[in-house]
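Trainee: I am new to this structure and would like to learn how to read it. Could we go through a few features, one at a time?

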Amino acid sequence: MAAVVSVGLAGCSPGDEEVPPEDVVIPEGELADQSGTLTPSNPTELSVWITAAAQAPAPDNKITKLIEEQLGVTLKYEIVTPDNVDQKIGVMLAGGEFPDLVGTSDLEMRLLEGGALLPLDDMLATGDYPNLATHVEEDIKRMSYSGTEVDPGLYIIPNYNRFYGEITGGTYYGPAFWIQKRVLEDAGYPDLENMTLERYFELIEEFKAKNPETNGAPTVGFELLASKGREWGMTNPPALLAGSPNNGGVIVDENDTAEIYADKDIAKDFYKVLNEQYDKGLVDPESFTLTFDQYTAKLATGTVLGMHDQGWNFGTATQSLQSAGMDEYTYVPLMPAYEGVEPWYADRDVMNSNQGFGVSTSSEQPEEALKFLDMMLSEPWQKVLSWGIEGEDYEVGADGVYSRTDEQRANARDTTWRASNRLEALLEMLPKHQGQFSDGNAYGPDDQPAEFLATLTDYDQAFIEKYGKETWRQFVNEPPENPKYYPAWNITLSDDANEINQQLTDANVQQLPKIIAGEPSEFEANWQTYVDAIDKVDVTVYEDAINDGIQDRLANW
C-alpha cells in the first residue's frame with residue numbers, strides 16, 4: 001500500500017506525467033486509459049441517468065463488453081423518456097441522491113440549479129482530462145452557466161454541436177414541415193421551391209383523398225405534437241413561416257430586440273389555416289391528447305402524411321420505418337413561407353448549452369465519472385461509438401477513407417442489431433467529436449459524403465435523384481451565419497421570467513387546441529379569447545429577460 005500511495009503522489013507532481021500505481025494493469029491498445037484511473041484491474045461501476053427516447057442496450061451489447069474489457073467500467077442505466085422526466089427530476093431533487101453521471105436535456109435546468117451537479121472548471125484545470133479540456137476551451141463561456149441559483153461555471157458538457165474541422169452531413173435534423181416521400185412521388189415529384197402552407201396542405205389533401213387507408217389503418221393527413229415539453233411543435237411554426245430562425249418563443253429583429261409572436265398576425269394566419277384544415281379532416285383530432293411516445297409510435301406506422309417537427313425529435317420513428325423497409329413512408333423537409341419571405345429553417349447547428357452530461361454532487365467517485373467522459377471523447381472511442389468496430393462495422397480503404405459494405409449498412413438500419421452493437425442512449429448524451437477526425441474522416445457514417453450516398457436505399461437514391469440532390473440537407477436553405485447571440489431559446493431566465501414563460505406555455509396548451517379544432521365560424525372569437533389570455537400575462541418580464549440575455553451574449557460571447 002505504501003508503495004502504491006507514494007507512486008501515485010509522485011505522479012501528481014508538477015511537470016510530471018501521470019504515472020499509474022504499480023498494481024494497475026493497463027490493457028494494450030489506444031482504447032485503454034493510460035492514467036490507470038479506469039482499468040479492469042480496479043473495476044468501476046458508474047450509475048448513469050439519461051433523458052432519451054432510445055432504449056437501454058441489449059445485455060449482449062459488444063461495446064458494453066469492450067468498455068468493461070478496456071476500462072473496467074460497468075454502466076448501470078436509468079433511461080427516462082421525455083414524458084416522464086418532470087416527475088423523475090422532482091423525485092431526485094427531493095431525495096438529494098443522484099447517479100454518478102446525470103444526462104439531462106432539461107431547458108429549465110432544474111437539476112443544475114437544484115444543486116445536483118458539480119462545477120467542473122477546477123477538475124478540468126488539473127490536466128487530468130485532456131480531451132474534455134480541449135473540447136470546452138474555445139467555447140467555455142457559451143457552455144457555462146451564468147445564472148444566480150448556483151455559482152457560475154461549467155456544469156454540463158454539451159452533447160451536440162461542438163465541431164472539429166469542416167462541418168459535413170447528409171441528414172437534416174432541424175425544423176421543417178415534413179412530408180412523406182410517397183406523397184411527392186404520387187404528385188409526380190413537384191417543384192418544391194417557393195412552397196406555401198396552402199400548397200403543402202394541397203399535396204396532403206390530394207394524396208389522402210386517393211389513399212384513405214394505409215396498410216389497413218386510416219390515413220392521417222397532418223399531425224401536431226402538443227405533449228408537455230414538446231408543445232413547440234405546435235407553437236414554433238409562425239416564426240419559421242415569417243422567415244425567422246428558431247429563437248423559440250420570440251422573434252428577434254434587425255436591432256437585436258426580441259418580442260413574442262404568439263399573439264401576432266403571423267400566428268393568427270397560421271392557426272387559421274390549421275383550423276380550416278382541421279375542418280376538412282386533414283389535422284389529426286388525436287393530436288392534442290397524444291403523449292410523445294404515442295406520437296412517435298403513430299409516425300412509425302407510416303399512416304401520417306405530414307407534420308411540423310424537428311428532425312431529431314422523431315428519429316426513432318424514422319429508424320423503425322427504415323428497419324421495416326418502408327422508405328416511401330419516411331419524410332423529407334419542406335419550407336413553406338409567407339409571401340415575400342425568404343425561408344430560414346436551417347440554421348448552423350447550435351451547441352446544446354446546458355444539455356448533456358454532468359457529474360453529480362452525490363457521486364462518491366467524481367474523478368472516475370469525469371474520466372469516463374474524457375475517455376469516451378477520445379478519438380479512438382468516438383470512432384467506436386459512431387462508426388463501430390473496424391472490420392466488423394466499417395472498412396478502411398487504402399487511402400484511409402472509411403466506408404461500409406451493403407451488409408454493414410443494412411445492419412445499421414436494423415433496430416435489433418443496433419441494440420446489441422451500438423450504445424445509442426449513452427451516445428445521445430455524450431459529448432461528441434462532430435465534424436472531422438484528425439485523419440479527415442467524418443464523425444459518423446451519415447456525415448461522410450460518399451458513404452451517405454451509398455447508405456441510401458435504392459428507393460431513396462432514386463427519389464433524391466429526381467430532385468437533382470445528393471443529401472437531405474439540400475432540401476432546406478443553406479444556413480447563413482447565426483447571429484452572435486443565437487439562439488434566444490436557451491437564454492437563462494430568472495424565476496420571474498420562467499414563471500411568465502410557463503404562463504405563456506399554459507395559455508398555448510389550453511387555448512390553441514380550441515382554436516384549431518373549433519368551428520371555423522368561431523375562429524375570430526376563439527382567437528380573441530386566446531389573445532385576452534396572453535394580455536393577462538406580464539409578457540414584458542419575459543421579453544426583458546430575453547433581451548438582457550441577448551445583450552449579455554453580444555458583449556461577452
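Trainee: Which residue of β3 stands opposite Trp-49?

Mentor: Strands of a sheet pair through backbone hydrogen bonds, either parallel or antiparallel. In this predicted model, Trp-49 stands opposite Val-102 in β3. The two strands concerned are β1 (residues 44–51) and β3 (residues 101–104), which pair in the parallel sense over 3 bridges.

Trainee: In what order do the strands of that sheet lie?

Mentor: The order is β2-β1-β3-β14-β4, which gives an open sheet of 5 strands with mixed pairing. At its edges are β2 (73–80) and β4 (157–158), each of which pairs on one side only.

Trainee: In which sense do β3 and β14 pair?

Mentor: β3 pairs with β14 (residues 356–359) in the antiparallel sense, over 4 bridges. Phe-357 in β14 is the bridge partner of Gly-103. β4 and β14 also pair in the antiparallel sense, over 2 bridges. There, Pro-158 has Gly-356 of β14 as its bridge partner.

Trainee: Which strands does helix α3 lie across?

Mentor: Helix α3 (residues 85–95) lies across β1 and β2, and runs at about 135° to β1.

Trainee: How many bridges join β6 to β12?

Mentor: Strand β6 (residues 175–180) is joined to strand β12 (residues 304–310) by 5 bridges, and the two run antiparallel. Pro-175 stands opposite Gln-310 in β12.

Trainee: On to helix packing. At what angle do the axes of α6 and α15 cross?

Mentor: The axes of α6 (residues 130–137) and α15 (residues 366–376) cross at roughly 70° and come within 7 Å. Angles of 65 to 115 degrees count as roughly perpendicular, so α6 is roughly perpendicular to α15. From α6, the contact is made by Pro-130, Asn-131 and Leu-132; from α15, by Leu-370, Lys-371, Leu-373 and Asp-374. By class, this contact has 4 nonpolar, 1 polar and 2 charged residues.

Trainee: How many residues of α15 are buried?

Mentor: The helix is mostly covered, with 9 of its 11 residues buried. Among them are Leu-370, Lys-371, Leu-373 and Asp-374.

Trainee: How do I read a single residue? Is Ile-63 buried or exposed?

Mentor: Buried means under 20% relative accessible area. Ile-63 has a relative accessible area of 0%, so Ile-63 is buried. Ile-63 belongs to helix α2 (residues 62–71). Leaving out residues up to four places away in sequence, Ile-63 touches Val-384, Leu-385, Asn-421, Arg-422 and Leu-423.

Trainee: What should I look for in the backbone?

Mentor: Most residues other than glycine have a negative phi, and most peptide bonds are trans. Asn-194 is not a glycine, yet has a positive phi of about 50°. Asn-194 sits in the loop between α8 (181–186) and α9 (197–210), and is exposed with a relative accessible area of 75%. Asn-215 likewise has a positive phi of about 50°. Asn-215 lies in the loop between β7 (213–214) and β8 (217–218), and is exposed at 58% relative accessible area.

Trainee: Which peptide bond is cis?

Mentor: The bond from Tyr-486 to Pro-487 is cis, with omega near 0°. Pro-487 is in the loop between α21 (458–466) and α22 (495–517).

Notes
Residues are numbered from 1 along each chain as its sequence is written. This is a predicted model: local features need pLDDT of at least 70, side-chain atom pairs count only at pLDDT 80 or more; totals for chains, interfaces and linings use all residues. Side-chain values use heavy atoms; hydrogens and water are left out. Axes are lines fitted to C-alpha atoms, for helices over the stretch in contact, and angles run from 0 to 180 degrees between N-to-C directions. Angles under 35 degrees count as roughly parallel, over 145 as roughly antiparallel, 65 to 115 as roughly perpendicular and the rest as oblique. Contact means heavy atoms within 4.5 Å. Ala, Val, Leu, Ile, Met, Phe, Trp, Tyr, Cys and Pro count as nonpolar, Asp, Glu, Lys and Arg as charged, and the others, Gly among them, as polar. Two strands pair if DSSP finds at least two bridges between them. Buried means under 20% relative accessible area, exposed over 50%, partly exposed in between (1.4 Å probe, protein chains only).
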